[in-house]
Amino acid sequence: MIDGEVWPSRGTSWAPPPPSPPPRVTVAPATAVATVRPETRAFVALSYPFWPLALIALLDAKGSRFVRRQAWQALGFNFGMYGLGALLSLAGTVPLLGWSAWTLAQFIVPVTVVASVVYAFRVWQGDDVSVPIVSDWVDARLPA
């Protein structure tokens, strides 16, 4: 037995069955972002490069979960990068080990600036940003 289709004999018209329609893909709108005003999104987005704005965003009693989550993530991101820079600078003072640590410490500032601008742009666009390590910590402590 040979696998395959058998074509019709001469004189009959045969057409292959019509292709099935492609599956419909529906995208659900982000409900958390739909309730946040553009001015508030811009304010929270600016808290990534300028961390004191995140403290001001946390003082808002009517702030949504999206605003609180992004403000806490902005604080965690900034303090984490400052802590990593301080740790590498401190390790840079140790003889022999310090050469590699001091070299890595030079990249902290450019990485922090680029990452904060990328996160800020994504929050301003309305995306729910997840900062590695920090977002897991925030989600575990932020009430639903």
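From the N terminus on, the elements of the protein run α-α-α-α-α-α-α. The model is predicted: local features need pLDDT of at least 70 and side-chain atom pairs count only at pLDDT 80 or more, while totals for chains, interfaces and linings use all residues. Residues are numbered from 1 along each chain as its sequence is written, and side-chain values use heavy atoms, with hydrogens and water left out.

**View A. Overall fold.** The protein has 7 helices and 0 strands; these are DSSP runs numbered from the N terminus, with helices (H or I) of at least four residues and strands (E) of at least two. Of its 144 residues, 28% count as buried. Buried means under 20% relative accessible area, exposed over 50%, and partly exposed in between (1.4 Å probe, protein chains only).

View B. Side chains of opposite charge can pair when their charged atoms come close. A salt bridge places a side-chain nitrogen of Lys or Arg within 4 Å of a carboxyl oxygen of Asp or Glu, and the structure holds 4 of them. In one, arginine 69 meets aspartate 128 at 2.8 Å, N to O. Arginine 69 lies in helix H4 and aspartate 128 in the loop between H6 and helix H7 (134-141), so the pair ties together parts that are 59 residues apart in sequence. Arginine 69 also forms a salt bridge with aspartate 139, the closest N and O atoms being 2.8 Å apart. This pair links helix H4 to helix H7, across 70 residues. Arginine 69 is buried, at 6% relative accessible area, whereas aspartate 139 is partly exposed at 33% and aspartate 128 is partly exposed at 46%.

**View C. Salt bridge of arginine 122 and aspartate 127.** The closest N and O atoms of this pair are 3.8 Å apart. Both residues are partly exposed, arginine 122 with a relative accessible area of 35% and aspartate 127 with 36%.

View D. Phenylalanine 107 is placed in the loop between helix H5 (97-105) and helix H6 (108-125). At 51% relative accessibility, phenylalanine 107 counts as exposed. Tyrosine 82 belongs to helix H4 (residues 65-91) and is partly exposed, with a relative accessible area of 45%. Between tyrosine 82 and isoleucine 108, the C-alpha to C-alpha distance is 8.5 Å, with a separation of 26 residues in sequence.
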